Amino acid sequence: QVQLVESGGGLVQAGGSLRLSCAASGSIRTAKTMGWYQQAPGKQRELVARITDSGITNYADSVKGRFTISKDRSKNTVYLQMNSLKPEDTAVYFCNGEIMPSGQPWVRNYWGQGTQVTVSS
C-alpha cells in the first residue's frame, strides 16, 4: 500500500517562509511526476508546482519566483520551499504523486491527507 505523508505546514506571518515535505512510503517501484496542490476554502484544488521524474518543473504563475519544488529520489520525497508568503497563499496543501507500485505494470495517482498553511497579514 502506497501512502503520501505531508509535513511542514503551519502559521507564518506574511513575508515568512515554510518548507513542506511529502514522503511516499510503501511498496514503490518508481515515482513519476510529483506535485503540490492548494485548496483554499470554497475554492477548487489547484496546481502549485510539480516535478517530473527527470527533474522538469513547472509552477503556477502566482508562485513563480517565490516557491521552489525539489525532490530526493532516493527517499521518494518531494519538497516545497515557500518564501515571501502572502495571505492569499493560505490553503490546505496536498501532495500528489504518480507512482508505480511494486509488482504492478501501471501508474496510479495518489494524494496525501493535506497540510494547512496559514499566512497572517
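Author: Contact here means heavy atoms within 4.5 Å. The model is predicted.

Reader: Which residues does Ser21 touch, not counting residues up to four places away in sequence?

Author: Ser21 sits in strand S3, residues 18–25. Residues up to four places away in sequence are not counted. That leaves Val5, Glu6, Ser7, Trp36, Val78 and Tyr79.

Reader: Is Ser21 buried or exposed?

Author: The cut-off for buried is under 20% relative accessible area. Ser21 has 17% relative accessibility, so Ser21 counts as buried.

Reader: Where is Glu6, and is Glu6 buried or exposed?

Author: Glu6 lies in strand S1, residues 3–7. Its relative accessibility is 5%. Buried means under 20%. Glu6 therefore counts as buried.

Reader: Which backbone nitrogen does the side chain of Glu6 reach at 3.0 Å?

Author: Leaving aside neighbours within four places in sequence, the contacts of Glu6 include Gly112, Gln113, Gly114 and Thr115. A polar atom of the Glu6 side chain lies 2.8 Å from the backbone nitrogen of Gly114. At 3.0 Å, the side chain reaches the backbone nitrogen of Gln113.

Reader: How many Å apart in space are Glu6 and Glu88, C-alpha to C-alpha?

Author: In sequence, Glu6 and Glu88 are 82 residues apart. In space, C-alpha to C-alpha, the separation is 21 Å.

Reader: Is Arg66 buried or exposed?

Author: Arg66 is in the loop between strand S6 (57–59) and strand S7 (67–72). Beyond four places in sequence, Arg66 touches Gln81, Met82, Asn83, Ser84, Leu85, Lys86 and Asp89. Its relative accessible area is 11%, so Arg66 is buried.

Notes
Residues are numbered from 1 along each chain as its sequence is written. This is a predicted model: local features need pLDDT of at least 70, side-chain atom pairs count only at pLDDT 80 or more; totals for chains, interfaces and linings use all residues. Side-chain values use heavy atoms; hydrogens and water are left out. Helices (H or I, at least four residues) and strands (E, at least two) are DSSP runs, numbered from the N terminus. Buried means under 20% relative accessible area, exposed over 50%, partly exposed in between (1.4 Å probe, protein chains only). A polar contact is a pair of N or O atoms within 3.5 Å; within protein, one must be able to donate a hydrogen and the other to accept it, and residues adjacent in sequence count only if both atoms are side-chain atoms.
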